[in-house]
Amino acid sequence: MDIISLAREIGKEIQKDQRYLNMQLAKQNSDDDQKLQDLIGEFNLKRMAINNEAQKTEQDTDKMQALNQELRHVYAQIMQNPNMTAYNQAKEEMDALLQRVSAIIGQSADGEDPETTDYEQSSSCGGDCGSCGGCH
């Protein structure tokens with residue numbers, strides 16, 4: 001079996017994994033939640049209004065502050081929605097699985113022993129990779 005065939009087998013196994021199934025269910029529940037979808041639509045409209053105001057040569061500072069406050073309020077409502085919370089949790093678990101698989105493959109390509117190399121996310125990781133020196 002060649003490497004690409006093996007990668008396809010990994011893809012099939014990922015789609016059988018409970019983390020994948022949980023994420024798909026959470027995504028469907030979020031997509032079906034009309035209140036959540038309305039909030040996301042409102043958030044996108046607020047973001048576009050902010051972008052439009054920011055592009056004006058003479059910006060209305062008070063309007064920008066009000067729009068930013070409205071945007072933060074809508075974002076908070078989105079993030080408090082139970083379906084969004086469940087989706088975010090499921091996505092984090094799926095992302096952790098994919099990071100681990102990717103790290104094992106990458107480290108193996110760097111000469112590490114595929115049987116022993118691994119990746120465990122540091123508990124101090126804040127998720128913002130901008131200032132990170134690397135996961136492995």
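Student: Which residues does Glu 53 touch, not counting residues up to four places away in sequence?

Tutor: Glu 53 touches Glu 58, Gln 59, Asp 60, Lys 63, Met 64 and Leu 67. The model is a predicted one.

Student: In which helix does Glu 53 lie?

Tutor: Glu 53 is part of helix H3, which spans residues 34-55.

Student: Why is Glu 53 called buried?

Tutor: The relative accessible area of Glu 53 is 3%. Buried means under 20%, so Glu 53 counts as buried.

Student: What makes the pairing of Glu 53 with Lys 56 a polar contact?

Tutor: The two side chains make the contact at 3.0 Å. A polar contact is a pair of N or O atoms within 3.5 Å, and the value for Glu 53 and Lys 56 is 3.0 Å.

Student: Why is H3 called roughly antiparallel to H4?

Tutor: H3 and helix H4 (residues 61-80) pack at an angle of about 160°, and their axes are 9 Å apart. Angles over 145 degrees count as roughly antiparallel, so H3 is roughly antiparallel to H4. The crossing of these two helices is left-handed.

Student: Which residues make the contact of H3 with H4?

Tutor: On the H3 side they include Leu 36, Phe 43, Ile 50 and Glu 53. On the H4 side, Lys 63, Met 64, Leu 67 and Val 74 are among them. By class, the residues of this contact divide into 13 nonpolar, two polar and six charged.

Student: Where do H1 and H2 meet?

Tutor: Ile 14, Gln 15 and Lys 16 of H1 meet Gln 18, Tyr 20 and Leu 21 of H2. This contact has three nonpolar, two polar and one charged residues.

Student: How do you know that Ser 30 is buried?

Tutor: Ser 30 is placed in helix H2. With a cut-off of under 20% for buried, the 6% relative accessibility of Ser 30 means that this residue counts as buried.

Student: What does Ser 30 touch, not counting residues up to four places away in sequence?

Tutor: Ser 30 touches Leu 36, Gln 37, Asn 83, Met 84 and Tyr 87.

How values were computed: Residues are numbered from 1 along each chain as its sequence is written. This is a predicted model: local features need pLDDT of at least 70, side-chain atom pairs count only at pLDDT 80 or more; totals for chains, interfaces and linings use all residues. Side-chain values use heavy atoms; hydrogens and water are left out. Contact means heavy atoms within 4.5 Å. Helices (H or I, at least four residues) and strands (E, at least two) are DSSP runs, numbered from the N terminus. Ala, Val, Leu, Ile, Met, Phe, Trp, Tyr, Cys and Pro count as nonpolar, Asp, Glu, Lys and Arg as charged, and the others, Gly among them, as polar. Buried means under 20% relative accessible area, exposed over 50%, partly exposed in between (1.4 Å probe, protein chains only). A polar contact is a pair of N or O atoms within 3.5 Å; within protein, one must be able to donate a hydrogen and the other to accept it, and residues adjacent in sequence count only if both atoms are side-chain atoms. Axes are lines fitted to C-alpha atoms, for helices over the stretch in contact, and angles run from 0 to 180 degrees between N-to-C directions. Angles under 35 degrees count as roughly parallel, over 145 as roughly antiparallel, 65 to 115 as roughly perpendicular and the rest as oblique. A crossing is left-handed if the near helix is turned anticlockwise from the far one by less than a right angle, and right-handed if clockwise.
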